[in-house]
Amino acid sequence: MKLFFFHLMPYADLDLSYADAYDTAWVTLPNSYFDPAKGKAAYDRYIGELELADQLGFDGICVNEHHQTAYGLMPAPNLIAAALTRTTKNAKIAILGRALPLVNNPVNIAEEFAMLDQMSGGRIITGFVRGIGSEYYAAGVNPTLSHERYYEAHDLILQAWTREGPFKFHGRHYNFDYVNLWPRPVQQPHPPVWVPSQGSRETIEWCAAKERRYTYLQTFSPLPLAQKNFDAYREVAANDGYEAQPSQLGWAVPTYVAETDEIARRELKPHIEAFFNRFLRFPIEMRMPPGYSSVASAKHLIETKFALRSTDQTIDTLSDLGMVMYGSPRTVRDKFLHHQKTMGFGNLIAMMQIATQPAEQTEKSLRLFASEVAPHLRDVSQTAHAAQ
Amino acid sequence: MSDFTEEPVDVRGTTLSVQQAGAGEPLLFLHGAGGRNWTALHKKLAESYRVIAPEHPGFGRSQIPEWMLSMADLSLFYLDFIERLGLEGVHLAGHSLGGWLTAEIATRNTSRLKTVSLLAPAGVAAPEEPFGDIFLWTPEQATRAQFFDQSLAEKRLAVAPDLDLLLQNKAATARLAWNPRLANPQLPYWLHRIDKPTLVLWGRQDRIVPFACQPHWLKGLPHAQAATLDECGHAIHNEKPDAAAERMTSFIKGAKA
């Protein structure tokens with residue numbers, strides 16, 4: 001399988017006691033919690049960690065987009081990707097992703113990705129997302145139009161990459177009399193498109209359709225959900241008359257490797273708990289703005305999340321759900337081998353800097369992963385896992 | 001036994017649920033973001049008028065055509081609705097989102113209207129005092145903000161909400177009013193077109209559409225009179241139905257004279 005190092009670039013200096021006064025680290029948490037003197041060091045450190053992953057032989061390094069939050073300091077992920085095109089040599093640079101519905105000019109996304117593709121010599125992987133619910137409060141874009149803007153922006157970007165310009169594009173949300181991309185991407189017909197998602201049936205069907213075959217990435221979810229969605233992808237592909245390959249499936253999971261299981265657990269515990277309980281914290285109304293999902297899915301989320309909301313997660317409850325992988329190199333290797341076999345994904349997207357985690361731990365974990373885990377995972381069979 | 005009738009009405013292929021009661025001059029009542037309810041205010045008004053309370057497209061049991069996206073669409077739709085029912089001399093009234101809609105309709109065409117009543121209307125924002133965030137608030141915060149008298153809010157909170165209806169109505173509201181949030185910045189420039197007597201009724205303790213908005217309306221409306229209810233929050237129809245009905249009927253009678 002292909003191994004990717006994913007970075008959120010969180011504000012690791014966040015004062016976690018913010019939670020005494022505010023119910024979220026997103027959108028409404030005052031930015032006075034951000035110390036302007038600490039940004040430069042954070043970006044230097046995080047870009048350095050991505051560069052190190054390239055040097056250590058990871059197949060890819062990943063950035064992503066979030067707005068107005070301590071959870072991630074990358075509202076413009078292409079800026080980081082641009083810096084990485086100059087300082088990395090081999091790794092794919094995956095932008096997971098840009099939130100298409102949030103912009104009023106998707107051609108600009110097509111242009112930036114084309115620039116990055118040229119600057120990196122064809123090393124980019126593009127990610128297309130809707131953006132999570134809170135982004136709609138931050139961007140002011142109507143959440144009830146999120147799905148249709150996503151599909152329409154996608155069509156426009158793909159056409160901009162693949163059609164000879166100039167051409168006209170007239171949709172319900174986007175209207176251009178002249179679309180004529182300079183530069184064109186180096187990867188032809190276009191750079192790979194990945195779709196990171198928590199996974200609705202609709203998204204999976206759209207990704208897996210034979211005319212697209214986009215790589216579907218399951219993000220930060222309990223194992224049974226990832227399994228269910230990967231199975232659904234394979235089933236849609238089979239119904240569409242082709243066999244889904246492992247390369248079409250990716251699993252994103254926070255990962256930590258240390259000398260022993262015991263050390264890993266002790267060192268990781270505060271950071272993974274801060275990640276889920278403090279950084280990834282918002283009220284349901286922010287997570288699910290009106291019309292962002294169907295009434296049925298919103299209702300389901302409200303009914304299930306009410307239970308979760310009342311109690312904080314611990315490293316053990318998270319581990320039981322399969323929402324974090326940690327341990328000695330051997331333990332982590334065995335876990336991934338087992339899950340790969342069961343779930344049949346071909347891309348592992350390991351988030352290896354977690355919330356408040358300091359630089360030494362991140363670097364140690366990256367190096368141990370590269371030297372003692374990665375060699376055992378690389379040659380894992382790429383053949384499609386039979387649908388359950 | 002219910003004191004109103006309810007039946008579907010088809011307007012150019014879109015079916016709305018319409019409640020009606022009473023007899024006399026037609027009073028078309030347009031509901032707010034929370035959805036259509038037959039309230040004590042409706043009941044009171046139905047003693048003097050034929051009260052017609054449609055459920056807006058996209059809310060509750062009413063359909064919404066896929067192309068309908070804005071308050072501009074909806075206001076023209078309601079002009080069709082008035083024609084479809086063959087109404088003349090209409091007393092048009094609306095609360096909150098429905099008050100905003102009422103003004104949008106009346107800036108476009110008043111030929112079938114006799115009076116206009118705006119009850120705590122959204123649509124025109126007061127820069128000095130922003131609207132409450134009905135989308136980000138929890139259901140409890142939103143319910144409490146409806147009322148001055150918190151015991152009324154508590155009564156409401158004691159009953160489990162219909163989650164499907166709540167989510168559907170919130171989405172229907174967001175579709176029309178997410179950005180700019182619950183307002184049309186162009187509307188103040190067109191209020192002069194409302195050439196019929198206009199009532200601007202507000203609860204002084206409104207925490208959703210603040211009372212501070214009232215003067216912004218009065219500035220632009222050529223035939224307006226203001227009325228204010230004390231110890232009253234946003235949900236005028238639930239908190240002060242008798243006083244609101246009294247203000248509305250005396251305004252309508254005065255407009256006739």
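Predicted model: local features only at pLDDT ≥ 70, side-chain atom pairs only at ≥ 80, totals over all residues.
**A guided look at two chains**

Biologist: Thanks! Where is the place of Arg207(B), and which residues does Arg207(B) touch?

Modeller: Look in the loop between β7 and α7 of chain B. Helices (H or I, at least four residues) and strands (E, at least two) are DSSP runs, numbered from the N terminus. Contact means heavy atoms within 4.5 Å. Not counting residues up to four places away in sequence, Arg207(B) touches Gly132(B), Trp137(B), Arg144(B), Ala145(B), Phe147(B) and Gln150(B). Glu129(B) is 78 residues away from Arg207(B) in sequence, with 9.7 Å between their C-alpha atoms.

Biologist: Is Arg207(B) buried or exposed, or in between?

Modeller: In between: Arg207(B) is partly exposed, with a relative accessible area of 45%. Buried means under 20% relative accessible area, exposed over 50%, and partly exposed in between (1.4 Å probe, protein chains only). His237(B) lies in helix α8 (residues 236–239) of chain B. Beyond its neighbours within four places in sequence, His237(B) contacts Thr39(B), Ala40(B), Leu41(B) and His95(B).

Biologist: And in chain A, where does Gln361(A) lie?

Modeller: Gln361(A) belongs to helix α13 (residues 359–378) of chain A. Gln361(A) is buried, with a relative accessible area of 14%. Leaving out residues up to four places away in sequence, Gln361(A) touches Tyr256(A), Glu267(A) and His271(A).

Biologist: How should I read a nonpolar core, and how many residues has the largest one?

Modeller: In soluble globular proteins, nonpolar side chains tend to be buried together. A nonpolar core is a set of buried Ala, Val, Leu, Ile, Met, Phe, Trp, Tyr and Cys residues joined through side-chain atoms within 4.5 Å. Here the largest has 138 residues, and those with the most contacts inside it are Phe275(A), Tyr78(B), Phe81(B), Leu201(B) and Trp217(B). Helix α8 (residues 261–279) of chain A gives the most to this core, eight residues. Another core, of 80 residues, lies apart from it, with Val63(A), Ala91(A), Val179(A) and Leu223(A) among its members. As for Phe275(A), its contacts outside four places in sequence are Leu8(A), Tyr71(A), Phe220(A), Leu280(A), Met351(A), Ile354(A) and Ala355(A).

Biologist: Now charges: how many salt bridges are there over all chains?

Modeller: Side chains of opposite charge can pair when their charged atoms come close. A salt bridge is a side-chain nitrogen of Lys or Arg within 4 Å of a carboxyl oxygen of Asp or Glu. The count over all chains is 33. One of them joins Asp231(A) and Arg234(A), at 2.8 Å from N to O, and both residues are buried. They are three residues apart in helix α7 (residues 223–239) of chain A, so about one helical turn separates them. Another salt bridge pairs Arg204(B) with Asp230(B), the closest N and O atoms being 2.5 Å apart. Arg204(B) is in the loop between β7 (198–203) and α7 (214–220) of chain B and Asp230(B) in the loop between β8 (224–229) and α8 of chain B, so this pair ties together parts 26 residues apart in sequence.

Biologist: Finally, how many residues of chain B are in contact with chain A?

Modeller: There are 19, facing 20 residues of chain A. The two chains bury about 1700 Å² between them, 68% of it on carbon and sulfur atoms. Buried area is the accessible area (1.4 Å probe) that two parts lose on being put together, summed over both. In chain B, Leu136(B), Leu167(B) and Trp178(B) lose the most area to chain A, together 38% of what that side buries. Two salt bridges cross this interface. Glu66(B) and Arg172(A) form a salt bridge with their closest N and O atoms 3.8 Å apart. Helix α6 (residues 163–177) of chain B provides the largest share of the chain B side that touches chain A, eight residues.

Terms used. Residues numbered from 1 in each chain as written. Chains lettered and ligands numbered in written order. Heavy atoms only, no water.
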